[in-house]
Amino acid sequence: MKHVISYDNFNSSVNESLSFSSNEHVMLREDFNTTMTLLKNAITNKFICTIYYKGERKGLVDDGYRYIEPYALGVNQKGNNVLRAWLLKGKSRRGRIDPKQVPGWRLFRIDRINSISTSLGTFTVPRKGYNADDNGMTEVMYAAKF
């Protein structure tokens, strides 16, 4: 059985188990405004999310699903729109190099998020190290309030 990844249709059992099979999902490419709206809503309501991220660093491709707690939206030093999130589980180059780095803080470029869905699961307490005035961003546009 396939599930479309979108804001309105999410398999909530994914949140409970934080496990997935890439065969269970159909990819959608969200436009920038839709992605930003979904992320703002997720940050406001502190929803746990699933994103499909087109990762690449130093020529190494690292595409895949990531389960995250979204905390802030802003702009990084290179002028990219970014999301600060706590990575719960999923593909991670840093996690393969050092498994102790997952879970952990990540900065995701918005233009590399292909899809996003929110779950019924929420987080209510900020993770250790959360700073609404994120020093990884030159401008914080939107941040979670606790």
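This is a predicted model: local features need pLDDT of at least 70, side-chain atom pairs count only at pLDDT 80 or more; totals for chains, interfaces and linings use all residues.
Modeller: Residues are numbered from 1 along each chain as its sequence is written, and side-chain values use heavy atoms, with hydrogens and water left out.

Colleague: What makes up the protein chain in terms of helices and strands?

Modeller: The chain has three helices and ten strands. Helices (H or I, at least four residues) and strands (E, at least two) are DSSP runs, numbered from the N terminus. Along the sequence the pattern is β-α-β-α-β-β-β-β-β-α-β-β-β.

Colleague: Why is the contact between aspartate 134 and arginine 84 called a salt bridge?

Modeller: The term requires a side-chain nitrogen of Lys or Arg within 4 Å of a carboxyl oxygen of Asp or Glu. The closest N and O atoms of aspartate 134 and arginine 84 are 2.6 Å apart, so the pair meets the rule. This pair links distant parts of the chain, 50 residues apart: aspartate 134 is in the loop between strand E9 (113–122) and strand E10 (139–143), and arginine 84 is in strand E7 (residues 81–90).

Colleague: How do you know whether aspartate 134 is buried or exposed?

Modeller: Buried means under 20% relative accessible area, exposed over 50%, and partly exposed in between (1.4 Å probe, protein chains only). Aspartate 134 has 7% relative accessibility, so it counts as buried. Arginine 84, at 15%, counts as buried too.

Colleague: How many salt bridges does the rule give?

Modeller: The count is four. Among them is the pair of aspartate 63 and lysine 54, at 3.0 Å from N to O. Lysine 54 has 35% relative accessibility and therefore counts as partly exposed. Another of the salt bridges joins aspartate 111 and arginine 109, at 2.6 Å. Aspartate 111 is partly exposed, because its relative accessible area is 42%, and arginine 109 is partly exposed at 24%.

Colleague: What makes tyrosine 52 and tyrosine 65 an edge-to-face pair?

Modeller: Rings of Phe, Tyr and Trp (its six-membered ring) pair if their centres lie within 6.5 Å; planes under 30 degrees apart count as stacked, over 60 as edge-to-face and the rest as tilted. The structure holds ten aromatic pairs. In the pair of tyrosine 52 and tyrosine 65, the centres are 4.9 Å apart and the planes make an angle of 80°, which is edge-to-face. Tyrosine 52 lies in strand E3 (residues 47–53) and tyrosine 65 in strand E6 (residues 64–75), so the pair ties together parts that are 13 residues apart in sequence. Tyrosine 52 and tyrosine 65 are both buried.

Colleague: Which residues form one aromatic cluster?

Modeller: The cluster consists of Tyr71, Trp86, Trp105, Phe123, Tyr130 and Phe146.

Colleague: Why is lysine 46 said to lie over the face of phenylalanine 146?

Modeller: A charge sits over a ring if NZ of Lys or CZ of Arg is within 6 Å of the ring centre and within 35 degrees of the ring normal. Lysine 46 is at 4.9 Å from the ring centre of phenylalanine 146 and lies over its face.

Colleague: What makes a set of residues a nonpolar core, and which residues have the most contacts inside the largest one?

Modeller: A nonpolar core is a set of buried Ala, Val, Leu, Ile, Met, Phe, Trp, Tyr and Cys residues joined through side-chain atoms within 4.5 Å. The largest has 31 residues, and Ile68, Leu83, Phe108 and Ile113 have the most contacts inside it. At least two residues of this core come from each of helix H2 (32–45), E3, E6, E7, strand E8 (104–109) and E9. E7 gives the largest share, six residues.

Colleague: What does phenylalanine 108 touch?

Modeller: Contact means heavy atoms within 4.5 Å. Leaving aside neighbours within four places in sequence, the contacts of phenylalanine 108 include Ile51, Tyr53, Ile68, Leu83 and Ile113.

Colleague: How do you know whether asparagine 81 is buried or partly exposed?

Modeller: Asparagine 81 has a relative accessible area of 26%, so it is partly exposed. Asparagine 81 is found in strand E7. Not counting residues up to four places away in sequence, asparagine 81 touches residues including Phe32, Phe108 and Met141.
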